[in-house]
Amino acid sequence: GQSRLSLALRNSLRYFPPTHHNHLASEFAQELRQYGHIYMYRFCPPVHMRAYPIDQYPCRTPQAASIMLMIMNNLDPAVAQFPQELVTYGGNGQVFSNWAQFRLVMYYLSEMTEEQTLVMYSGHPAGLFPSLPSSPRAIITNGMVIPNYSSREQYEKMFALGVSMYGQMTAGSYCYIGPQGIVHGTMLTVLNAGRRYLGSDDLRGRVLVTSGLGGMSGAQAKAAVIAGCVGVIAEVDATPLRKRHEQGWLMEVTSDIEHCIRLNLTYLCVFLSARERLLKEYEMTDELLVDLGSDQTSLHNPFSGGYYPVQLSFQQANQLMATDPAHFKTMVHESLCRQVAAINKLSEAGMFFWDYGNAFLLEAQRAGAAVQKEGGGATEFRYPSYVQHIMGDIFSLGFGPFRWVCTSGDSRDLALTDDIAATVLEEISANVTERVQQQYNDNIRWIREAGKHSMVVGSQARILYSDQKGRVCIALAINKAIADGRVSAPVVISRDHHDVSGTDSPFRETSNVYDGSAFCADMAVQNFVGDAFRGATWVSLHNGGGVGWGEVINGGFGLLLDGSEEAAKRASLMLNWDVSNGVARRCWSGNSNAYETIQRTMKEQRQLRVTMPFPVQDEHVLDRALQG
């Protein structure tokens with residue numbers, strides 16, 4: 001209604017002196033009518049947005065400069081999905097809500113001393129507040145709404161008013177490193193899927209069929225090749241398709257599924273419903289052309305462009321979305337039912353399918369598709385989430401997406417840190433269990449190869465999966481190289497929130513927690529708070545991420561390594577907690593990998609004392625007690 005529109009306008013005009021209100025109000029009202037949100041496009045800065053070397057930022061402390069660098073990397077057009085709208089990835093994962101916020105944040109960071117902390121409320125800089133040199137330089141929260149109001153409908157209203165924001169995961173924490181992070185995570189998923197479902201990590205000649213080539217899903221083609229298999233990826237939007245092809249991540253693009261079936265291509269993209277055509281091929285020839293299957297469309301955002309129904313062309317879908325959203329929603333539900341029907345038949349024939357943590361099965365269930373599991377719990381479906389079957393065990397060993405960014409912008413620094421990390425992992429892996437060693441070996445293979453695969457988009461960044469010991473040792477070794485002058489400038493360490501401790505998400509990260517606590521968010525909140533007082537340079541806590549607003553709470557951090565002893569102390573204390581927190585929670589929920597991992601960690605760290613569970617050994621005890 002009119003009152004809500006005037007409230008949205010009033011809210012946006014708060015950033016400006018009244019002398020400008022008359023001029024800006026009509027401009028902002030036009031944006032609100034046209035886009036449903038006030039982005040303040042006129043304040044988008046004319047500067048070329050990218051991660052400049054850290055010494056080029058006008059700051060009083062390198063800690064503030066490192067945050068500026070990471071923000072500008074998140075908004076680099078080569079990195080961001082919709083940079084004009086301040087969206088980094090995932091369709092709606094934002095860095096800020098409008099451009100006035102960007103300018104104000106950069107101003108505050110340029111003025112900040114090491115006795116101040118910048119406080120961020122869902123994209124809004126509340127200001128600089130006095131704090132300690134040991135405190136974080138920025139505390140970021142996104143979408144923290146009262147639980148009863150944490151629905152998709154409420155989000156859209158609050159976002160339109162400019163009072164709340166969806167930070168996804170690394171968009172709202174300023175720690176996105178482009179598609180490299182997801183390429184690596186997808187490669188590990190595909191390798192471990194091969195081990196679990198096909199009994200081998202030699203995937204030559206095996207075929208993965210999936211969908212999506214956007215900010216996250218675009219990694220699937222590249223990851224398939226590094227893992228050694230054939231990737232067939234369906235995409236409906238020509239723009240990301242061209243982008244991935246120009247990047248060299250897609251070898252061939254075709255709109256002809258017949259051509260795709262005739263050729264055994266390394267990776268390609270097809271329009272329309274690949275699964276239905278593959279099912280038809282199987283029914284005609286009795287030949288199953290697919291081994292592994294998934295879907296990585298943005299189903300956390302199904303009715304606003306995250307998923308396109310098979311019945312409509314791309315243009316028709318966009319038009320219907322705008323003119324008749326209720327009918328569009330019905331079409332999405334029909335399409336999901338068709339897609340699931342094809343997946344079910346292909347799975348019965350021998351394809352192994354998993355949910356890629358994009359809310360695919362959750363939305364398919366809401367659409368009425370046949371995805372229910374007989375006797376399954378609240379987070380279980382006919383098909384496992386990739387966390388339940390693949391990544392959950394890796395998280396429970398303490399492994400997760402450790403990252404670093406060389407703030408010099410110099411590729412030589414990145415090559416040197418790659419070598420440091422690989423050497424550290426090789427040294428540690430000599431004295432670990434076989435299961436842990438397998439994960440180290442995958443990551444050593446990745447890090448030794450990463451430089452050859454033109455993975456860097458934006459900042460000079462790297463990702464690998466490591467456990468607690470590996471993360472601490474790599475951070476300390478890089479910090480020492482900075483102190484020695486071998487690495488020419490400070491390095492920012494961070495991680496994806498999609499990790500052992502960072503995220504409570506019952507349909508993804510914590511979908512293999514079976515003690516009834518999958519819907520509790522203590523772990524992510526404790527992670528954020530604990531990282532803050534153990535030495536992180538900045539911390540963030542978000543509602544939403546991965547499977548959508550109201551479904552997840554997740555936290556992240558950034559920490560500047562500057563070669564000092566203080567930085568080494570912070571990194572050691574914070575990284576140990578950042579992993580142990582999640583392993584302890586997973587251990588308490590009954591996970592045997594986590595139980596063994598935390599026991600080993602307690603032996604190495606005398607000050608760590610974790611409450612260990614006593615499992616019920618005799619199930620009859622429960623039966624007898626309940627029968628009274």
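**Exercise 1.** Which residue forms a salt bridge with Arg206, and how far apart are the closest N and O atoms?

*Solution.* The model is predicted: local features need pLDDT of at least 70, side-chain atom pairs count only at pLDDT 80 or more, and totals for chains, interfaces and linings use all residues. Residues are numbered from 1 along each chain as its sequence is written, and side-chain values use heavy atoms, with hydrogens and water left out.

Step 1. Apply the criterion: a side-chain nitrogen of Lys or Arg within 4 Å of a carboxyl oxygen of Asp or Glu. The partner of Arg206 is Asp291, with the closest N and O atoms 3.1 Å apart.

Step 2. Locate both ends, where helices (H or I, at least four residues) and strands (E, at least two) are DSSP runs numbered from the N terminus. Arg206 sits in the loop between helix 6 (180-198) and strand 6 (207-211), and Asp291 in the loop between helix 10 (274-285) and strand 10 (292-293), so the pair ties together parts that are 85 residues apart in sequence.

Step 3. Classify the accessibility: buried means under 20% relative accessible area, exposed over 50%, and partly exposed in between (1.4 Å probe, protein chains only). Arg206 is partly exposed at 29%, whereas Asp291 is buried at 17%.

**Exercise 2.** Is strand 13 largely enclosed or open?

*Solution.* Step 1. Seven of the seven residues of strand 13 (residues 460-466) are buried, so the strand is largely enclosed by the rest of the structure.

Step 1. In a regular strand the side chains alternate between the two faces of the sheet. On one side of strand 13 are Gln460, Arg462, Leu464 and Ser466, on the other Ala461, Ile463 and Tyr465, and all are buried.

Step 2. Strands count as paired if DSSP finds at least two bridges between them. Strand 12 (residues 400-406) pairs with strand 13 in the antiparallel sense over seven bridges. Within this pairing, Arg403 has Ile463 as its bridge partner.

**Exercise 3.** Where is Val616 found, and which residues make a nonpolar surface patch with Val616?

*Solution.* Step 1. Val616 is found in the loop between helix 20 (592-604) and helix 21 (619-627). Val616 is partly exposed, with a relative accessible area of 46%.

Step 1. Patch members have over 30% relative accessible area and no salt bridge; like charges are joined within 9 Å, and nonpolar side chains (Val, Leu, Ile, Met, Phe, Trp, Tyr) within 5 Å. Val616, Val621, Leu622 and Leu626 make a patch of about 380 Å², with areas from the Shrake-Rupley method and a 1.4 Å probe.
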